[in-house]
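Welcome, and please open the structure in your viewer. We will go from stop to stop, with something to select at each one.

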Amino acid sequence: MIPTSPAAGWLDSLKVYAHPRVIGMLFLGFSAGLPLILVLGTLSYWLREAGIDRSTIGYFSWIGLAYGFKWVWSPLVDRLPLPGLTRLLGRRRSWLLLSQLAIAGALFGMANTDPAQALERMVWCALAVAFASATQDIALDAYRIEAVEQRLQGAMAATYQGGYRIAMIAASAGVLWLAASVDATDTAYEHAPWRFAYLIMAASMGVGILTTLLIREPDAPVSADTVQREARTREWLAHEGLHGPLLAAAAWVHGAVVSPFVDFIRRYRWHAVLLLALIGTYRISDVVMGIMANAFYVDMGYTKDEVANVAKVYGVGMTIVGAVIGGVLTARIGVMKTLFLGAALSSATNLLFVWLAGRGHDVNGLIFAISADNLSAGIASSAFVAYLSGLTNVAYSATQYALFSSLMLLLPKFIAGFSGVYVDAHGYEAFFTATALLGVPVLGLVVLAGRARGRDSGGEARG
C-alpha cells in the first residue's frame, strides 16, 4: 500500500464539504441569518430615518427575546405533527417550510408598513418575523443534528455559519445598498426605498424554501431504550387512573417537555453539571469582549467606512474561513481537540486588542487583530456547534439543542452588561486583558469534559 502523504490526508478531509447535506446547510444557513439582522439591526436604521425616537428604537430590541426563549415552544417543534405537511415532508422539513413561509410573509408585511405612519403594525410584523425565525432555528438545528453522523457535524456547522454570515451582509449592507439605489433624495425620508429593499429580502427567503423542498428528511430512528422508557411512563400514568384523551395528553407532555431534560441528566449523571458549565462559559471571552468592540473602534478614531469594511465585511469573511478550517479540523483531529484549540485561540487573540489599544488609530493593526480574532471565532464556533450536536438525543434534538443554545449566552451576556463600567474604571487595555483571562478556566473545563467523554460515551446521544 502506498502511504498517504500528510498533505493528501488534509486534502481528503476537505471532501466532507462535498457531501450533499453539507452543501445544503449553506443555503439553510442563509435562510436562518437573513431575518435576524432585518429585525434586530437594519430595522433600527430604518426607524431612525423615519423619525422614530431613540427610546422607542431601544424598546424594539426586546423583539430579540424571542430567540432567547425559543426553548419554551421547542417541544412543539420536536413532537407536534403539522396536518398535511408532516405526512408529505416529515417532521423537520414541515416545520422548516412553515416557518420560512411565515418569515417571508411577515417580511412582506414589514415592507408594506411605513413606521412613520403605522408603528404598531410594524411591531407586530417584526415580532412575527422573530418568532418564525426562532422556530426555523429550532427545526434547523434538529435537522442538522439528525442529518449526518458526528464526523460531519463540524462541516455542517461551518457551511451553516458561512451561509449565515453571507445573509448578515445581505441583510445589513445589502439592504442599505438596495434602498440607496432607488432613493431619490438623501435629505428626506421616503418609505418607497425601504419597501423595495425589504421586498427583495422577503423574496430572498425563497433560497431556504427551495432548499427545504429539495433536501431529504433525515432518517434518525429513536433508540429502543427511549421508546421503552416512554412506554413505561405511559403505563404508569394509566396505572394512576388516567384514561383516554387525558392519558394521551399527559403522556405527550411528559415525552415532549419533561423527558428531554430527564434524558440529559440520566445519560450524563454528574457529568451533566460539568457539561452545562462548559456550555455556559465556552464563548464567554468572545461575547464579553464583543460588547465593547464598537465603542473601542469609535474611541480609537476609526471611521464608519473603516469599521464597516474591516470589521463587518472583511471580518465576516475571516469568520467564514475560520469556520471552514474548524470543520476540517473537527473531521481530522476530532471535536475535543478542536474545541480546546478554538477556546485557546479565542482567549489569546483578545490580547491583540490590548496591543491595538496602545497603537491608537492604526488600520493595518486593526486588520491584523480582526483577522486573528475572527479566524479563531470561526474555528471555535464550528467545534462548539459540533460538540453540542453530539450531546443531544435524536429523540429530543430540537428541545435539547434549543436549551443548549440559550444557555450558552446567558452568563456571558449578563457579565457583558458590566463591560462599560469596567472600561470606564480601568481602561481598554485592562478590559481586553480581563476578557482573555475569562477564557482560561474554559480550557480546564474542556480538558475535564474530554476525559469524561472518554469514560462515558453519552449512551444514546445520537439515538
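Which helix holds both Asp141 and Arg144, and how many residues apart are they? Select the two: both lie in helix 9, three residues apart, about one turn of the helix. Helices here are DSSP runs of H or I with at least four residues, numbered from the N terminus. An α-helix has 3.6 residues a turn, so residues three or four places apart point the same way.

Before moving on, a word on the model. It is a predicted one, where local features need pLDDT of at least 70 and side-chain atom pairs count only at pLDDT 80 or more, while totals for chains, interfaces and linings use all residues. Residues are numbered from 1 along each chain as its sequence is written, and side-chain values use heavy atoms, leaving out hydrogens and water.

Stop 1: Show the side chains of Asp141 and Arg144: they form a salt bridge, with the closest N and O atoms 3.2 Å apart. The term means a side-chain nitrogen of Lys or Arg within 4 Å of a carboxyl oxygen of Asp or Glu. Asp141 has 8% relative accessibility and so counts as buried; Arg144, at 2%, is buried too. Buried means under 20% relative accessible area, exposed over 50%, and partly exposed in between (1.4 Å probe, protein chains only).

Stop 2: Zoom in on Arg92 and Asp78, whose closest N and O atoms are 2.9 Å apart in their salt bridge. Arg92 is in helix 8 (residues 91–111) and Asp78 in helix 6 (residues 74–79), 14 residues apart. Both of these residues are buried.

Next, highlight Arg91 and Glu146, which meet in a salt bridge of 3.6 Å, N to O. Arg91 lies in helix 8 and Glu146 in helix 9 (residues 119–147), so this pair ties together parts 55 residues apart in sequence. Arg91 counts as partly exposed at 25% relative accessibility, whereas Glu146, at 6%, counts as buried. A search of the whole structure finds six salt bridges.

**Stop 3: helix 19.** Select residues 335–348. Colour Val335, Met336, Thr338, Leu339, Gly342, Ala343, Ser346 and Ser347, which are buried. They cover an arc of only 160 degrees around the axis, which puts them on the same side of helix 19; the arc is that of the directions from the helix axis to the C-beta atoms.
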